[in-house]
Amino acid sequence: MTGFKPLDPLLHSQLRLAVMSLLIGLDSAAFTYIREKTGATAGNLSVQLDKLSEAGYIEIEKGYNGKKPVTTCKITAQGVEAFESYVNALKEYIG
Amino acid sequence: MKDKALTHEESLNMITAMIRQAKSNYQKGGSFYFLLWGWVVMLANFAHYYFLSFTSFEHPYIAWLVTIPAGIGSAIYGARQKQQAGVTTPMERLYGHVWAAVGVGIILALMFMRQLDFNHSAVILLLAAIGTYISGQMLRFKPLVFGGVALLLASILAFNVPVVDQLLVGGIGILAGYLVPGYLLKNKEK
């Protein structure tokens with residue numbers, strides 16, 4: 001396996017990869033939307049979003065819609081780069 | 001979905017599936033704006049034409065006041081749609097910018113109607129033609145592309161007829177350019 005780029009461990013996990021794949025084609029998405037599309041539990045999703053945010057791959061904004069709290073996520077330039085590198089590395093493995 | 005490690009094939013499948021999910025979520029309800037503005041502008045054009053041609057009513061332009069509640073209704077509907085979807089796509093953002101630019105153009109045409117020798121209807125039809133044509137191409141929806149062409153033809157005709165008749169041309173142009181494709185789009189959204 002020498003010569004192959006290692007896969008980013010942060011992205012090589014089911015839920016985090018699902019979130020990044022979803023956000024790559026969107027400007028922004030609400031927490032509830034991501035939960036609905038991934039089918040994840042709120043607790044698990046929250047933990048994984050924090051990990052992606054700490055790595056600088058996504059931005060999390062907390063705000064209000066009337067009195068209702070709303071969490072919105074968007075992918076960062078660093079996140080896009082990491083996702084593209086991951087996909088390129090994956091292509092080499094599958095190639 | 002849990003936080004488990006993936007095989008390479010599973011990763012690829014996951015990426016494909018999620019990108020498809022995001023694609024399938026393009027906001028519906030684009031027909032609402034064409035139908036609302038189609039009816040409002042068409043009726044205002046015809047009412048203004050009727051008042052000017054068949055009555056001695058002193059303020060025939062009053063028919064256009066109907067655009068004020070329509071503008072408020074549009075804004076409320078847009079905000080609600082955005083909240084409900086919980087997501088913004090790059091296409092929606094671009095779509096919004098196109099119509100914001102058209103809107104600014106229309107406001108400028110109205111502000112300078114005197115300088116335009118009151119040919120502003122023809123200019124507004126041209127701006128509406130551009131917005132509708134681009135919307136049709138973005139949504140890949142041919143009736144809207146043809147609607148844009150119909151509005152362009154109406155604009156050319158309007159530049160060549162008296163100001164009063166421009167109202168009639170405008171009403172018919174909006175019927176062909178907004179309402180007909182708007183109903184076809186609504187049908188497709190179901």
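For chain B, the unreviewed UniProt entry lists "transmembrane region" at residues 30-49, 61-79, 94-112, 118-136, 143-161 and 167-185; UniProt positions follow the numbering used here, feature names are shortened, and annotations may be inferred rather than shown by experiment. The model is predicted, so to speak of local features takes a pLDDT of at least 70 and side-chain atom pairs count only at pLDDT 80 or more, while totals for chains, interfaces and linings use all residues. Residues are numbered from 1 along each chain as its sequence is written, with chains lettered from A and ligands numbered from 1 in the order in which they are written.

Two of the listed spans can be checked against the model's geometry. Residues 30-49 of chain B come out as 100% helix and 0% strand, with 29 Å between the end C-alpha atoms. For residues 61-79 of chain B the figures are 68% helix, 0% strand and 30 Å from end to end, again between C-alpha atoms. Helices (H or I, at least four residues) and strands (E, at least two) are DSSP runs, numbered from the N terminus.

Now to chain A. Four helices and three strands make up its list of elements, and from the N terminus the order reads α-β-α-α-β-β-α. The C-alpha trace of chain A spans about 55 × 25 × 20 Å along its principal axes. Of its 95 residues, 33% count as buried (20 or more other C-beta atoms within 10 Å of the residue's own, with C-beta atoms placed from the backbone). Among contacts in chain A with a separation of 6 or more, 54% link residues 24 or more positions apart; a contact here is two C-beta atoms, placed from the backbone, within 7 Å.

Across the interface, 27 residues of chain A are in contact with 23 residues of chain B. On the chain A side, α1 (14-23), β1 (28-30), α2 (31-38), α3 (42-54) and α4 (77-94) each supply at least two residues. The largest share, six residues, comes from α1(A).

A:S28 has B:T88 as its bridge partner in β1(B). The open sheet has four strands in the order β2(A)-β3(A)-β1(A)-β1(B), with antiparallel pairing. At its edges stand β2 (58-65) of chain A and β1 of chain B, each with a single partner strand, so one side of each is left without a neighbour in the sheet.

Key: Buried ≥ 20, exposed ≤ 12 C-beta atoms within 10 Å, placed from the backbone. Pairing = 2+ DSSP bridges.
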